[in-house]
Amino acid sequence: MDIDALLKFLEASGLAARIRDSVFLFPMIESTHVIGLALVFGTIAVIDLRLLGIASTQRSFHRMASDILKWTWGAFALTALTGSLMFITNATVYYHNFFFRMKMLLLALTGINMLFFELTAGRTIHGWDRAPSAPRAGKAVAALSLAMWIGIICMGRLIGFTTTRAAVAAPPPAGTNFDDFLQGTPNDTGGTQTTPPPRR
Amino acid sequence: MICLRILGWAGMDQTLRQTTSRFGPWLTGGLWLMLVTGILMVIGEPVRELVTFSFWLKMFLVAVSTVVVTIFQSSLRKHEQRWEDTLVQRGSIKGLAIVTFLIWVCIIILGRLIAYDHIWGSWSPATKA
């Protein structure tokens, strides 16, 4: 099965149709995705700021990480689930969207970044656990992590601005009188559109 | 993080005072950042923001949450020892922490629902317009 057939198969599934056709489901799934992302970014920022020596400098890194990371992984699972549910409703459009691809690329890079931490500063935690900041490799990982997660949030927002019909609607025809819209009088000579409210 | 500390689910190696000192300034900074960017968005698209039920309900909950957090921080400053020893273990305080967390969950949901205000039906001014 090629990728386009797989995307069409996902879009045609009963679950995708149910989410698409419901007035409430998509907004609720999207809201849950945002809540999950806020928790993921918030908890990761706490860890990264500790590695950089900017905040929580008195706390043991190991103790803090084991305290917080379980919430990060729980929230990440929530975002992955809700993100997948949103993806299947319009799989082909999302798959070909530049910002969606950038978001996925950044997500993969954060995974590699985390792996790099485990192979470097993560191996010597006992040596700097109580120090105000991590060794240079740990600081670099933390700075990159913060930058990439901010990028992921920005890309996520841009997906919403570039995958709606409203966002790609053609400009109004020449000669459209915008005063008609402001006065609430429909212009029946053309130019008005009945696109659904944009998802953004 | 402050709610999780009150609930005893995270940060138990820190006192309540240490936890609020660590996260309080970031909380205040984040609120100011949201206020500034929120005002800019309202200026940019006043009709989209102001003529929605979701926006006004969100603003109401932000106000409620800000009052709750301000009272909590003030009380903690005045009665620090009492908070550490007894208040933080009270069921009612833990309940209030859960309610505060849920208010913020609702604020996030309502923020997203500004773009989908039609789901409120006749409650949405945008539907009537």
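Visitor: How do the axes of helix 6 and helix 8 of chain A cross, and at what angle?
Guide: In this predicted model, the axes of helix 6 and helix 8 of chain A come within 8 Å and cross at roughly 165°. Angles over 145 degrees count as roughly antiparallel, and helix 6 and helix 8 of chain A are therefore roughly antiparallel to each other.

Visitor: Is that crossing left-handed or right-handed?
Guide: The crossing of helix 6 and helix 8 of chain A is left-handed.

Visitor: Staying with helix 6 of chain A, which of its residues are buried?
Guide: The buried residues of helix 6 of chain A are A:Phe100, A:Lys103, A:Leu106, A:Thr110 and A:Phe117. Seen down the axis of helix 6 of chain A, these buried residues fall within an arc of 120°, so they line one face of the helix.

Visitor: And what covers them?
Guide: The cover over the buried residues of helix 6 of chain A includes helix 5 (91-95) and helix 8 (136-162) of chain A.

Visitor: Which exposed residues sit on the face turned away from the buried side?
Guide: On helix 6 of chain A, that face carries the exposed residues A:Phe98, A:Ala108, A:Gly111, A:Ile112, A:Leu115 and A:Leu119.

Visitor: Changing topic, how many helices and strands does chain A have?
Guide: Chain A has nine helices and zero strands, and buried residues make up 22% of its 200 residues.

Methods: Residues are numbered from 1 along each chain as its sequence is written. Chains are lettered from A and ligands numbered from 1 in the order in which they are written. This is a predicted model: local features need pLDDT of at least 70, side-chain atom pairs count only at pLDDT 80 or more; totals for chains, interfaces and linings use all residues. A residue is buried if 20 or more other C-beta atoms lie within 10 Å of its own, exposed if 12 or fewer, and partly exposed in between; C-beta atoms are placed from the backbone. Helices (H or I, at least four residues) and strands (E, at least two) are DSSP runs, numbered from the N terminus. The arc is that of the directions from the helix axis to the C-beta atoms. Two residues are in contact if their C-beta atoms, placed from the backbone, lie within 7 Å. Axes are lines fitted to C-alpha atoms, for helices over the stretch in contact, and angles run from 0 to 180 degrees between N-to-C directions. Angles under 35 degrees count as roughly parallel, over 145 as roughly antiparallel, 65 to 115 as roughly perpendicular and the rest as oblique. A crossing is left-handed if the near helix is turned anticlockwise from the far one by less than a right angle, and right-handed if clockwise.
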